[in-house]
Amino acid sequence: MEWLIESGHLQQLLGVLVAICAVLLPAAIVFIVLHFRQRRASETLETVRYLADKGLPVPAELFPAVRGASKAFDPRALTFTALSLLGAGVGLMIFFYTWELMRFLWGVGALVATIGLAQLLGLWLTRRRATDDVGSAR
């Protein structure tokens with residue numbers, strides 16, 4: 001171990017290990033989340049099959065399409081998401097621009113902020129179209 005430290009190869013080895021962990025850790029997190037989501041879905045399917053075999057009524061709450069449909073298009077949730085993206089993007093732009101070493105990455109924040117602005121524009125247009133449709137129906 002001492003020869004690694006003295007030769008200067010330890011920094012190179014640690015750099016490679018950090019890069020590998022930086023790539024594998026998010027992939028592992030995604031794999032774990034997808035694994036448990038699939039497991040929950042298969043357990044729900046087994047429950048539905050069991051209830052159907054016994055002739056019992058199947059509750060509508062067991063189906064994800066019914067359970068998450070109302071939350072997916074809630075304007076308040078979409079507005080919160082868009083404003084969060086906008087705020088995170090502006091924060092990233094300021095963070096990267098003030099950090100001299102990483103100043104070239106300020107565009108990442110601009111990208112995130114632009115996505116937030118696009119979502120806000122989409123919400124505004126959707127709301128405007130809904131009011132126009134109500135006005136033309138009268």
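Accessible areas here come from the Shrake-Rupley method with a 1.4 Å probe. The accessible surface of the protein is about 11500 Å² on that basis, and carbon and sulfur atoms hold 70% of it. Keep in mind that this is a predicted model.

**Stop 1: the whole chain**

Show the protein as a cartoon. It has 5 helices and 0 strands, and the pattern along the sequence reads α-α-α-α-α. Now colour by burial. Of the 138 residues, 9% count as buried. If you list the contacts with a separation of 6 or more, residues 24 or more positions apart account for 38% of them.

**Stop 2: helix 2**

Select residues 9–54, which form helix 2. How far does helix 2 reach from its first C-alpha to its last? The 46 residues of helix 2 span 66 Å, close to the 68 Å expected at 1.5 Å a residue. Step on to Gly-55, which follows helix 2 and has a positive phi, near 80°.

**Stop 3: a nonpolar patch**

Select Leu-13, Leu-14, Val-16, Leu-17, Ile-20, Val-23 and Leu-24, and show their surface. Together these residues make a nonpolar surface patch of about 630 Å². Click on Leu-14, which is in helix 2.

**Stop 4**

Move along to Arg-39 and Glu-43 and show their side chains. The two meet in a salt bridge, at 3.7 Å from N to O. Because Arg-39 and Glu-43 are 4 residues apart in helix 2, about one helical turn separates them. Arg-39 is partly exposed at 41% relative accessibility, and Glu-43 is partly exposed with a relative accessible area of 42%.

**Stop 5: helix 4**

Select residues 75–98 for helix 4. Helix 4 has 24 residues and reaches 34 Å between its end C-alpha atoms, close to the expected 34 Å. Which residues of helix 4 are buried? They are Ala-82, Gly-89 and Phe-96.

**Stop 6: the aromatic cluster**

Ring pairs link Phe-95, Phe-96 and Trp-99 into a cluster. The structure holds 2 aromatic pairs. One of them joins Phe-95 and Phe-96, with ring centres 5.2 Å apart and 55° between the planes, a tilted arrangement. Phe-95 also pairs with Trp-99: the centres are 5.5 Å apart and the planes stand at 55°, so this pair is tilted.

Check the burial of each ring residue:

- Phe-96 has 13% relative accessibility and counts as buried.
- Phe-95 has 43% and counts as partly exposed.
- Trp-99 has a relative accessible area of 39% and is partly exposed.

**Stop 7: another salt bridge**

Finish at Glu-100 and Arg-103. Their side chains form a salt bridge, with the closest N and O atoms 3.5 Å apart. Arg-103 is partly exposed at 30% relative accessibility, while Glu-100 is exposed with a relative accessible area of 58%. How many salt bridges does the structure hold? The count comes to 2.

Technical notes: Residues are numbered from 1 along each chain as its sequence is written. Side-chain values use heavy atoms; hydrogens and water are left out. Helices (H or I, at least four residues) and strands (E, at least two) are DSSP runs, numbered from the N terminus. The expected span of a helix is 1.5 Å times one less than its number of residues. Patches are made of residues with over 30% relative accessible area and no salt bridge: like charges are joined within 9 Å, nonpolar side chains (Val, Leu, Ile, Met, Phe, Trp, Tyr) within 5 Å. A salt bridge is a side-chain nitrogen of Lys or Arg within 4 Å of a carboxyl oxygen of Asp or Glu. Buried means under 20% relative accessible area, exposed over 50%, partly exposed in between (1.4 Å probe, protein chains only). Contact means heavy atoms within 4.5 Å. Rings of Phe, Tyr and Trp (its six-membered ring) pair if their centres lie within 6.5 Å; planes under 30 degrees apart count as stacked, over 60 as edge-to-face and the rest as tilted.
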